[in-house]
Amino acid sequence: MGEKKKQPFLSVKDLKKSFGRVEALRGADLEVYPGETLAIVGDNGAGKTTLIKTLSGVISPDSGEIMIEGRAYQELNPRQALDLGISTVYQDLSLVNCRDIATNIFLGREPVRHKIFVDKRKMAAEAEEFLRQLDIKIPEIGVEAGQLSGGQRQGVAIARAIKFGGKLLIFDEPTAAMGVQESAAVLNLIRKLGQKGYAVILISHNMYEVFQLAKRVSVMRQGKVVATVSTGDVTPHDVVALITGAGEIAADIFS
Amino acid sequence: MKIARSKHFSQILLLLILLIMGVVLSFLSPYFLSWNNFYNILDQTSVDIILAMGMVFVIASGGIDLSIGSVLAYSGIMMAFAMKAGMAIPVAVALGISAGTVIGLCSGFLISCLRLNPLVTTLGFMSVARGLALILTKSSPIFGFPNAFKFLGSGRVGPVNVPILVALAIAVISFILLNKTKWGYYTLALGGNEEALRRAGVATHRYRASLYVFCALMAAIAGMITVARLNSADPLAGWMVETDAIAAVVLGGTSLSGGRGSILGAVLACLVLGMLDNGLILMAIPAYYQKLFCGLIIIIALVATELRNRKEHRNFV
């Protein structure tokens with residue numbers, strides 16, 4: 001428990017967000033410490049994706065507070081979040097299909113010569129070197145993103161997320177719709193990133209993944225974080241019970 | 001197969017069409033194969049090329065601009081009024097070009113910030129600009145401009161007409177902008193996946209708006225050349241030029257669904273359409289056939305894009 005006396009890298013208090021009549025977040029709280037891997041689990045519609053989208057600045061919350069390294073923000077925009085060190089790899093793989101791998105990795109941060117010309121050669125060389133360092137295998141740096149497999153695309157998206165020195169990496173169901181070998185490679189990569197000292201938030205439905213990678217698990221239900229448990233103290237069954245709400249009933253009976 | 005898969009397939013095909021058309025027309029008409037006639041085609045095509053350059057950017061970003069013909073006429077008229085009011089030529093030109101560009105700014109703002117449909121928005125501005133042009137002139141053309149201004153439309157620098165030089169310069173600049181600058185990169189990313197670009201921290205609405213400003217700027221420059229060439233500012237100038245420009249752009253390999261754009265292809269396609277126009281005139285066939293042809297190109301390109309998108313979608317899912 002000594003670890004937890006550290007200041008969290010990010011903490012979220014009472015975050016609310018509605019889309020029309022649908023309350024996606026109904027006062028969510030979350031804490032992420034530097035260097036830890038935290039899993040967020042929950043049923044479909046529990047608010048996981050909405051929560052992380054507010055953290056990456058893609059949507060703005062209706063109310064609540066986001067604290068990053070001790071500073072409070074009402075809302076973030078994507079550029080702010082990136083500059084504060086929050087990089088997100090989205091579920092819907094946001095790559096530009098008709099552009100090549102290097103262009104995708106450098107999207108929004110292209111190096112330029114003479115202040116105007118995008119330095120294509122530098123992008124290709126750096127992207128290739130960077131992918132090699134991460135052990136992400138791609139056919140050729142000039143290939144369009146649309147021609148890659150799911151795992152390769154995820155690899156490129158991850159490379160982009162960490163290329164510009166993030167501190168917190170958010171993965172939204174990184175292995176959804178992926179084959180066994182490919183998802184193993186992606187999980188391995190996430191594990192390595194955790195070991196390198198990045199804070200990681202992993203959203204997943206797969207208990208095996210969660211227990212393999214994360215030290216702590218936050219469980220979301222109906223727009224709230226209903227419990228945060230340590231993977232060392234509970235079984236996957238307990239977590240599933242928390243997700244469905246059966247856990248509370250069980251706790252009521254036994255108390 | 002290698003050529004068919006090449007990124008430059010459209011451009012290579014266009015070059016072949018250009019050559020074949022040249023050979024065929026040389027046999028069909030005794031007047032076709034002459035330096036003067038080629039020069040004439042280039043000169044006639046220069047305005048189309050300028051218009052197509054703006055359109056490449058807008059279409060590559062996944063949008064469209066129907067208002068270019070009206071902006072062309074409106075800019076020309078504002079320029080003409082300014083000169084008739086005794087303003088210096090550079091001032092009048094700047095005023096006319098700004099007037100046209102403002103229309104692009106308005107449509108760009110509405111399309112990017114309010115997320116209005118570009119087709120309908122620019123259709124509206126097409127009518128607004130044409131209406132303004134007709135109201136201001138009471139629907140009759142304005143004639144007679146200073147020689148220094150007419151130089152912009154029919155003057156020569158060495159052996160080459162000014163419009164050809166302007167079109168060439170704009171084509172080169174557009175090529176660099178689209179392929180070598182962040183602005184061009186973001187244009188293609190907007191057409192490919194706007195949300196990805198936004199999540200990468202880019203202020204996408206500013207970039208999208210700027211494309212319509214650029215497109216209107218090109219239309220205004222085309223308006224200046226048209227007025228200077230004909231020595232007349234006609235409120236009906238540039239009637240239906242948007243179909244030619246859109247046809248040239250899609251024929252040149254720019255994707256109607258956005259994400260891909262080719263400057264070289266658009267220039268070659270303008271030359272193909274210009275040569276077709278010229279050939280029809282020389283063979284005494286009404287030039288209306290060229291319009292028919294442009295319309296068919298747009299529809300075929302639309303169908304091809306749709307079919308390809310469906311195929312890609314199937315592969316992905």
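Mentor: One term before we start: two residues are in contact if their C-beta atoms, placed from the backbone, lie within 7 Å. This is a predicted model, so local features need pLDDT of at least 70 and side-chain atom pairs count only at pLDDT 80 or more, while totals for chains, interfaces and linings use all residues. Residues are numbered from 1 along each chain as its sequence is written, and chains are lettered from A and ligands numbered from 1 in the order in which they are written.

Trainee: OK, how many residues of chain A are in contact with chain B?
Mentor: 18 residues of chain A, against 18 residues of chain B. Helix H2 (78-83) and strand E8 (117-118) of chain A each give two or more residues to chain A's side. H2(A) gives the most, with 3 residues. Helices (H or I, at least four residues) and strands (E, at least two) are DSSP runs, numbered from the N terminus.

Trainee: And what classes are on that side of chain A?
Mentor: 11 nonpolar, 4 polar and 3 charged residues. Ala, Val, Leu, Ile, Met, Phe, Trp, Tyr, Cys and Pro count as nonpolar, Asp, Glu, Lys and Arg as charged, and the others, Gly among them, as polar.

Trainee: Switching topic: what's the strand order in the open sheet of chain A?
Mentor: E6-E9-E10-E3-E11-E12, 6 strands with mixed pairing. Strands pair if DSSP finds at least two bridges between them. At the edges sit E6 (86-89) and E12 (224-230) of chain A, each pairing on one side only.

Trainee: How do E3 and E10 of chain A pair?
Mentor: In the parallel sense, over 4 bridges. A:Leu38 stands opposite A:Ile201 in E10(A). Helix H6 (residues 180-195) of chain A packs on the sheet, touching E3, E9 and E10 of chain A, and its direction makes about 150° with that of E10(A). Axes are lines fitted to C-alpha atoms, for helices over the stretch in contact, and angles run from 0 to 180 degrees between N-to-C directions.
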